[in-house]
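Here are my notes on this one, as numbered points. Have the structure open while you go through them.

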Amino acid sequence: MKFCKKYEEYMQQKEQKLPEVACKKLKNILKKCGLAFQSQKDPESNSSADGVVQIKITSCHNHCPVCDGAFFPSLVNDMSAVVSYFNERAKELIELHQAAGLKKYFLWIKGKMQGGGTHVSSLIEEGKELVIYALINAIMIQKLLKKYDKIHHCCKQGPAFKSQAQSMQIEILQSPWLRELMALHINLRETNVSSSTTEAISSEGYRLTFNDDKVSLSCQLFDSIRLDIELTCPVCLETVFDPVSLTCGHILCKMCACSAASVSIVDGLKLADPREKCPLCRKAGVYQGAIHLTELGILLSRSCREYWEKRLQIERVERVKQAKEYWENQCRAFMGI
């Protein structure tokens with residue numbers, strides 16, 4: 001696995017020790033797994049012409065103690081640590097960029113004292129490194145799962161563990177913080193963007209594309225993986241306005257998400273019924289943990305100015321209407337009417 005060596009070299013270059021997938025250890029476990037299920041000696045298939053006994057590897061059909069007890073638990077634990085670190089650090093980075101007042105001034109002074117360049121340049125560099133960290137770990141888990149499939153396809157707990165590992169790969173690729181970092185990079189690099197003058201906004205592997213009124217955000221930092229994010233709301237079928245990311249990974253307009261969750265914009269998504277489902281994947285309980293994509297909203301407001309102003313006027317009217325209805329209902333409830 002050539003990518004395993006590339007992965008290890010990348011992780012070793014880091015000044016700080018980061019959570020990683022122990023690819024060499026997991027590869028060795030898979031080798032032991034294959035040897036643990038060798039067939040009975042068969043003179044016709046196991047002995048060569050010179051009398052040397054050969055080992056025949058077969059797939060495990062009922063129980064694989066190596067996979068059940070070592071490979072998948074280790075892989076899931078490693079990936080869980082990677083996902084947790086990435087989400088926490090990316091969230092901190094976004095909050096640093098959005099800091100205001102004394103906090104922003106303090107961070108500017110701190111960056112100057114450390115001699116690490118301007119606050120903006122350090123944000124760009126660390127944000128890009130975090131995106132690379134997320135993508136390279138997603139590729140690594142994909143490579144390991146393919147290696148597993150080559151050895152055998154079924155064991156007692158294999159399908160369950162494999163599904164969990166795949167869900168973690170999807171989780172990091174669909175992380176709202178990954179999307180925020182991609183938007184942050186373009187926001188910091190491009191000081192003046194406008195969809196009226198170009199069909200795409202590109203910066204160091206990050207690209208915001210406009211195609212027939214459809215907007216998409218993409219990232220390609222490695223040849224083996226390309227991340228494309230459609231920015232069309234599945235409810236109103238327009239470019240997402242005031243975007244939020246549900247816990248299932250789908251992006252909706254905040255107003256559309258509230259409508260799908262059967263709550264008012266005043267109440268917010270945190271008061272949504274856990275039984276309410278995503279309009280796309282039909283997964284329940286995806287609204288309460290929804291995350292507001294501030295950086296993506298800033299990027300779209302700068303690049304789709306005419307559309308953004310139009311939607312802003314429409315939604316302002318709707319928000320005022322819902323707020324009025326909400327407080328009228330609150331007054332009636334208070335007065336017992």
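Predicted model: local features only at pLDDT ≥ 70, side-chain atom pairs only at ≥ 80, totals over all residues.

1. Strand β5, residues 243-245, is joined to β7 by 2 bridges, and the two run antiparallel. Within that pairing, Val-244 sits opposite His-292 of β7. Zooming out, the open sheet has 3 strands in the order β6-β5-β7, with antiparallel pairing. Its edges are β6 (251-253) and β7 (291-292), each of which pairs on one side only.

2. Mean pLDDT over the chain is 78, and 74% of the residues score at least 70. The stretch to watch is residues 39-62, where pLDDT stays under 50. The model still gives that stretch 29 contacts beyond four places in sequence.

3. For the overall picture, the chain counts 11 helices and 7 strands. Of its 337 residues, 42% are buried. Taking the contacts with a separation of 6 or more, 63% are between residues 24 or more positions apart.

4. Helix α10, residues 294-303, deserves a look. Why call it largely enclosed by the rest of the structure? Because 7 of its 10 residues are buried, a label that takes a relative accessible area under 20%. The buried set is Glu-295, Leu-296, Gly-297, Leu-299, Leu-300, Arg-302 and Ser-303. So if you're colouring by burial, note that Glu-295 and Arg-302 are on that list along with the leucines Leu-296, Leu-299 and Leu-300.

5. Last stop is Tyr-7, in helix α1 (residues 2-12). How buried is Tyr-7? Its relative accessible area is 0%, so with the cut-off at under 20% it counts as buried. Which residues does Tyr-7 touch, leaving out those up to four places away in sequence? The contacts are Glu-20, Val-21, Cys-23, Ile-136, Asn-137 and Met-140. Take Met-140 from that list: Tyr-7 and Met-140 are 133 residues apart in sequence, yet their C-alpha atoms are 7.5 Å apart in space.

Definitions and conventions:
Residues numbered from 1 in each chain as written. Heavy atoms only, no water. Helix = DSSP H or I, 4+ residues; strand = E, 2+ residues; numbered from the N terminus. Buried < 20%, exposed > 50% of the residue type's maximum accessible area, 1.4 Å probe, protein only. Contact = heavy atoms within 4.5 Å. Pairing = 2+ DSSP bridges. pLDDT = per-residue confidence, 0-100.
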